[in-house]
Amino acid sequence: MEDRAVSGLRPSRSRPRRRSIVAAIGALAAAGSATALTSCSVPAPRRTGPVTDPAPGIAISDSRPARLMQILAHPDDDLYFMNPDTQRMLDSGVPLVCVYVTAGEANGVNKAPGRPRPAADKSAYSSARHQGLRQAYATLLGLPKYTEWQKGVTTLRGGRRAEINSLAVGPRRVDLIYLNLAMHTTRHARLGMPNLWRDRALDLPTVVADDSPVRRIESYDYDRLVDVLVGLMDRYRPTVVQTLDPDPDIQYSDEVTRKKDSEQRGYSDHGDHTAVASFSWAAMARWVAESARDGGEIPAFVATSFRGYYNRHWPKNLPDGVLRQKAGHLVPYGGEADWSCGNSGGCGDYNVGGERPLTNKKGWVRSTHYRYPGPRTALAAEPDGRLAAYGVLGLRAVRWRETEAGSGRWGQPSDLGGGPLAPTLGATALGDGRQLLFALRFSAISGHGGNNAREIVLLEQRSAGGPFLAWRGLGNPERHDDRGRRIGVPVAVTAPDGRVHLFVRNADKGVSTRVRETDGRWSGWRALDGSAEIQDGLTTVVDAAGRVHLFGAGFATVHHWSQDAPGLPLGHRPGGHLPAAVDTPAALARADGSVHLLYRTERTWKRTAPRDSRGSASPALTRFSSDGRLLPAVRFDGYGPLAAAGDPERAVLLGLDLRGRVQLRHEGRLLTRTAGAVALDTPTLDVTPAGEVKVVGMGPDAHPWTWSPGRTTASG
């Protein structure tokens, strides 16, 4: 999180034309390059690096020990945007490596509330923020905030050096690595990371923080930073990589509002967040390509990207108890000017801490949103009675199969290719049992004027339970790459008439669709009607009459599209009185043709100004008919997205309780999973026609687990 310096990030849409040396020098100077060019110092050609191969069948590493790596733009981005997920994994004993790309030095002013403004000192401020992180993670480990850390220097790929702080208690361990790149270019003080992403002639220096064992200034260009991130991934071999949002929502606002919201021009996030997330995804793609080159194995990891300043614009999805615990970890990070921590640069980021994250009207801390929401696995019944689980591993689609029918134990993953893919698959089955898998593919992710494009891709099974055809591109509902980066994850459903309806949130925050006819032909992309703006995370259901329904959580209501009759296009159904959902709603079809919705809403609260975003979620579950009638509630307190199956009156419900544990409501009982690996993102609910209930989730070791009612542990 960083709310001091804001700049526009406008990704290039095409490769730059050749320019003369004089023109290049002028353009680079205008961009604020830190590198002085002479007539004989033309920038070296941009290195393309290895490219991931979408063909299937590559061996996958059997890397089972769990390890979490977080790649952040600023100190505190993890505390603001990735908790409580990080805390749950750390509490379960998963080792954590945090890589902070910038020094977080901003303008160098570490002003404590109620005290005079100090002189700017970027080295001291960077050091104070590092001390704040040590205080925060010591308390996350259950230790006193002034616990002494082991401070040292680590050598990175290419010979660069960075400070590393390490702390271990029992099996739990945290390593903090500070690359400490300057937040601004030396000319014109423009944001360094966005310019480093797009300018191949820029060298960005590091900041030497007070009290750091690293006393030498380094410099980074685009390729050096990607190489360092790849080297760290290869050294630590994480099974989970958490980043920020590489493709934030389009957000239009006047300059005064934009600066107050601390956002880049045109998009709902800080420019550093976007650039560092883009570097992270480029590094993950290069790591996979390098690892698989010359007969090597794909590294077995899963990725999660978290929304950033996006949280400010939508209903808040954390209940008060969860929110206060999350905000509480910012108290030791923020510190106080009169603390005696022993660090000469300061004892935290005094602009943050105490009740300030909760009183801040921007409300960043009040939600935790995934950029690519949805279950980590898509389940399908095999002809031999076993379950198959489809997911994304090493940025590629994979299939796990049960070792025996009903065992709940999973074999090794088989590679289906297609990468690099976003972490959530859309899936549906045809009438003959063949699976269709849909994914959001990073078809290009490169800075320096290179292509930066996304597309929806399809993998179709040849026969039920059998092999697949080649990957097929379904394009993008947007015509230009910059808008095409803003689309969401695909969601699909097969109607009783055999047509497959594919839905994707588009750049305007509406919904675009393609339909597969029964002969396999696809329609073109079409935007659904209505002026609805929704969050990503769509819900589909087919009612008893065979009509397809689609629901999306909007700013002030849940939007609804449906067919008038099977086979007709979906139309927007305005006029309902559904309150806004804080996460993806669950939908259940009744035998009478109606549809019920279950979701959580924001608590009622009083805004002090139109831009006041200090809401919180209710932990209670609400139930509505699709036309807005309030129905009797179902007790299922918790937070996060829901899954539901069965008849609405006796539905099986799946979600998280207020402690972040997986809970299940089944046959009137509330069951809690109290042992086994924690669940990443959203688990998957499976209810067989015979009524057998299973939950399949992804663990921090990047391997699926199974939980059934009555069992207290997971089968791995």
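Where is the place of Pro420? In this predicted model, in which local features need pLDDT of at least 70, side-chain atom pairs count only at pLDDT 80 or more, and totals for chains, interfaces and linings use all residues, Pro420 is placed in the loop between strand 13 (414-417) and strand 14 (426-429). Residues are numbered from 1 along each chain as its sequence is written, and side-chain values use heavy atoms, with hydrogens and water left out. Helices (H or I, at least four residues) and strands (E, at least two) are DSSP runs, numbered from the N terminus.

Most residues other than glycine have a negative phi, and most peptide bonds are trans. The peptide bond that leads from Gly419 to Pro420, however, is cis, with omega near 0°. A cis peptide bond also joins Asn83 to Pro84, with omega near 10°, and Pro84 is found in the loop between helix 2 (77-81) and helix 3 (85-91).

Positive phi values were examined next. Arg237, a residue other than glycine, has a positive phi near 50° and lies in the loop that runs between helix 6 (222-236) and strand 8 (240-244). With a relative accessible area of 29%, Arg237 is partly exposed, where buried means under 20% relative accessible area, exposed over 50%, and partly exposed in between, with a 1.4 Å probe and protein chains only. For Asp681, likewise a residue other than glycine, phi is positive and near 50°, and the residue has its place in the loop between strand 33 (669-672) and strand 34 (684-687). Asp681 is buried, because its relative accessible area is 8%.
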